[in-house]
Amino acid sequence: GRLEAVTQQMGYHPQYLDSFLKTQHYLMHMDGPLPFDCRHYIAIMAAARHQCRYLVNLHVLQFLRAGGDPQWLRGLDFIPPKLRNLNEINKILAHRPWLITKEHIEKLLKISEWSWSLAELVHAVVLLAHCHALASFVFGCGCEQDEGLGGRGSLKPLSPGNQCFYEVPTSNGCSQELLRINRKRSLDSCMELDSLREHMQQIHVETEGREEMRLLQQDREEGEGQGVEVGVQDGNLAAEHCSDPSLGLFPLTDTDGEITSATNLACYLQDPDFGYQDFARREEDQTQVFRVQDYSWEDHGFSLVNRLYSDIGHLLDEKFRLVDGLHSSAMAKRQGCEPSVFKRGIWNYIHCMFGIRYDDYDYAEVNQLLERMLKVYIKTVTCYPEKTNSEMFDRFWKQFKHSEKVHVNLLILEARMQAELLYALQAITQYMI
């Protein structure tokens, strides 16, 4: 199943896993402002910003199962303008969320044929933040390496021994039932893959026409004569072009029956060079700093998002509270502090990288609590997870239990998601005022 690696890792904290799966199911499959196919396409756009093939391939398959137009999978140039207009805030939220302004919101909401409603936009923003943060977890826990073609490969997979992900113990049985449902859906997806690919190939041939197929054939012959050019960027192998035009559109099944991928993520990106830059706090321009005392999740964000997208605020708030309540006494003991102090240090360090400051916190504690390699790891997974490599991964993990490693990545996931939401919801609030 495509979600198995993620649920395996989160399964070390079953209460959190329950909350995560409920939230994800609500975002993707329950009643909401956005059509189901659009939800999965927005997830594709979000995951592509971090070159996360694991999530892209998962949502490509779910997009098609939801009745999505296969032509959209050819890239952003083939989707409706309304959806394509979301690309700008997707890019900014993924890499520099402090740049979001009420003008970005106004541009999407203005009266026109392709305008968004406030409810639709809030749903989209939550989806974007959810998938950006989940991409950090996927890379941070080594799930991306399972992708075969295009996967990182050099990072050893993490495995909780012989414990299968759907056998994680839970007090209320919710994890087992949700995991059983997800497992069944994943198996159903695999069984449908062959017929799905044949259907898409037929559509591709019919819509492209004979002339384009002739040109593609010519390109293929030229490529065979020159060889396939391969570039290496940030430890990932990226094929610049491929002789088979279908490889850029479909998940594939290899000779062993396992799903692999040659998805061309570039088609889902605009301005691919736009990435994270260190947030520089300028003393002469204090307005750049996001002060939680002025706009917080508890006092402002929760009520706004819950009003415009019913019940999602409660689900998100539950996740934020659960990750803060997870046991980490051994992890904190190694750092010589109380668990709450250690977790707050990690949380505030992540928010600080996005320009979010807490007036009641002494940031000198961060350097005292977090050793250098831990900080390097947290920053990489948070800000540019696609650059996570095996060396920093191995050097960081040595002193922690596996459940503690996962806990750190859950803190990264939730702190990053809340940071993106705070900026986006503040901009929406400013627009509404």
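Predicted model: local features only at pLDDT ≥ 70, side-chain atom pairs only at ≥ 80, totals over all residues.
Biologist: Let's start with helix H6, residues 87-95. Why is H6 called largely enclosed by the rest of the structure?

Modeller: Eight of its nine residues are buried, so the rest of the structure largely encloses H6. The buried ones are Asn 87, Ile 89, Asn 90, Lys 91, Ile 92, Leu 93, Ala 94 and His 95.

Biologist: And what do the buried residues of H6 pack against?

Modeller: Five helices: H3 (36-48), H5 (81-84), H7 (102-109), H8 (118-140) and H17 (402-432).

Biologist: On to helix H2, residues 14-29. What makes its reach close to the expected one?

Modeller: H2 has 16 residues, and at 1.5 Å a residue you'd expect 22 Å. From first C-alpha to last, H2 reaches 21 Å, which is close to that. Its buried residues include Tyr 16, Phe 20, Tyr 26 and Met 28.

Biologist: Now Asp 271. Why is Asp 271 called partly exposed?

Modeller: Asp 271 has 38% relative accessibility, so partly exposed it is. You'll find Asp 271 in the loop between strands E4 (259-261) and E5 (290-291). Its phi is positive, about 55°, although Asp 271 is not a glycine.

Biologist: How do you know that Asp 311 counts as partly exposed?

Modeller: Use the cut-offs again: buried is under 20%, exposed over 50%. At 40% relative accessibility, Asp 311 is therefore partly exposed.

Biologist: Where is Asp 311, then?

Modeller: In the loop between helix H10 (297-308) and helix H11 (312-325). Asp 311 isn't a glycine, yet its phi is positive, near 75°.

Methods:
Residues numbered from 1 in each chain as written. Heavy atoms only, no water. Buried < 20%, exposed > 50% of the residue type's maximum accessible area, 1.4 Å probe, protein only. Helix = DSSP H or I, 4+ residues; strand = E, 2+ residues; numbered from the N terminus. Contact = heavy atoms within 4.5 Å. Expected span 1.5 Å × (residues − 1).
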